[in-house]
Amino acid sequence: MNSAEIISLFEQYVMPTYGRYPLAFVRGQGARVWDADGKEYLDFGGGIAVNVLGHSHPAITAALTQQSQVLIHTSNLYYTAPQGLLAKKLVELVGSAGKCFFCNSGGEANEALYKLARKFGAGRYEILTFHNSFHGRTLAGISATGQEKVKKGFEPLVDGFRHVPFNDLDAVAKAIGPKTAAILLEPIQGEGGIEPARPDFLRGLRRLCDERGLLLMFDEVQCGIGRTGDFCGWKSIAPDVVPDAVSWAKGLAGGFPIGAIWARQPYADLLGPGTHASTFGGTPLACAVALAVLAVIEREQLMANARAQGEYFQTRARALPGVTQVRGVGLMLGVELAVENKPVIAKMAEHGLLGVPAGTKVVRFLPPLNVTRAEMDEAVEKLKASL
Ligand code: PLP
């Protein structure tokens with residue numbers, strides 16, 4: 001099938017929920033993908049922060065093949081080793097005693113956080129979130145999200161979310177009321193335009209949560225899994241801060257669907273038997289792939305690579321004409337333009353470079369963590385040509 005034929009199938013049979021680029025991909029290798037007409041692209045969108053090892057990584061193929069030949073799914077009525085081992089690994093990577101719950105996506109992981117907060121609150125149910133945040137497309141997810149455009153047409157929203165200005169500790173302190181149970185934030189806002197929290201803001205939130213008896217919850221769906229140069233995105237900003245709960249998804253299994261949360265003790269047992277569930281959550285297959293991905297990230301020191309390549313890209317991108325600002329941490333990169341982002345992203349595709357819009361003027365680059373210096377140079381040249 002060529003690109004036009006694939007696109008026409010979508011026009012007829014797939015719900016038009018996405019504004020898609022007119023590109024249809026059939027194959028990927030490392031940081032590159034090929035469309036159905038044979039054109040090659042440097043994939044710096046990374047499936048929106050998902051393909052942490054790039055495309056067709058042999059470790060992912062091996063884990064998928066081996067585990068699928070042994071045991072794919074059992075339900076959570078039973079125990080399986082991969083889920084237990086992945087939970088142990090995640091607890092070790094966070095570095096504080098706690099436990100995990102597994103699901104399939106970022107939106108679903110955040111749902112578990114909302115329910116954890118309500119259990120913790122025992123009557124207090126309000127969660128403070130932030131302007132420009134993004135927490136997913138479930139009904140509670142759009143209620144938590146601090147952007148009007150995702151809510152329109154879906155009212156009434158889920159009660160109990162209030163949005164406050166990001167990086168403004170005084171505003172947060174003033175917003176806490178008798179019903180507030182938790183604060184939820186992306187330590188680096190992704191969809192909102194690559195906006196990192198300030199270190200003093202994260203530390204201040206921790207202090208406020210301790211003083212006022214609130215859970216501090218981090219949505220690391222986009223900024224986690226090593227992308228910022230640390231497994232935990234917030235540790236790239238304030239390594240001394242320990243949250244009460246964290247959500248992950250996207251890159252955790254390098255493209256195979258999985259979501260997870262971690263909650264620290266003494267909150268890790270709040271969601272007891274019968275309170276929460278997910279049929280596909282933590283299957284042996286998904287967990288085996290995630291374990292393989294985490295092993296490659298560690299063995300090949302990809303977090304150090306993410307830091308180094310990210311810094312290099314920032315320096316080079318800052319020098320480009322038409323670029324007003326370059327923000328980000330590690331390989332979570334935002335290039336702010338003097339003009340609107342969407343026409344530039346279309347031009348980039350013509351030049352064989354994929355990126356993702358954020359806000360109206362930011363082009364996001366979320367390349368695989370094993371990206372090379374040569375690929376970084378190539379991306380900068382293609383971006384320059386597109387500007
Ligand atoms: N949280 C953040 C920070 C995200 O960036 C996203 C997706 O972009 C989500 C949650 C939702 O994740 P999913 O699309 O897997 O439900």
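Biologist: Over the ring of which residue does the charged end of R373 sit?

Modeller: This is a predicted model, in which local features need pLDDT of at least 70 and side-chain atom pairs count only at pLDDT 80 or more, while totals for chains, interfaces and linings use all residues. Residues are numbered from 1 along each chain as its sequence is written, and side-chain values use heavy atoms, without hydrogens and water. A charge sits over a ring if NZ of Lys or CZ of Arg is within 6 Å of the ring centre and within 35 degrees of the ring normal. The charged end of R373 lies 3.8 Å from the centre of the ring of Y312.

Biologist: How far is R27 from the ring centre of W34?

Modeller: R27 lies over the face of W34. The distance to the ring centre is 4.1 Å.

Biologist: Why is the pair of F130 and F201 edge-to-face?

Modeller: The ring centres of F130 and F201 are 5.6 Å apart. The pair is edge-to-face because the planes stand at 80°.

Biologist: Is F201 buried or exposed?

Modeller: Buried means under 20% relative accessible area, exposed over 50%, and partly exposed in between (1.4 Å probe, protein chains only). F201 has 1% relative accessibility, so F201 counts as buried.

How values were computed: Rings of Phe, Tyr and Trp (its six-membered ring) pair if their centres lie within 6.5 Å; planes under 30 degrees apart count as stacked, over 60 as edge-to-face and the rest as tilted.
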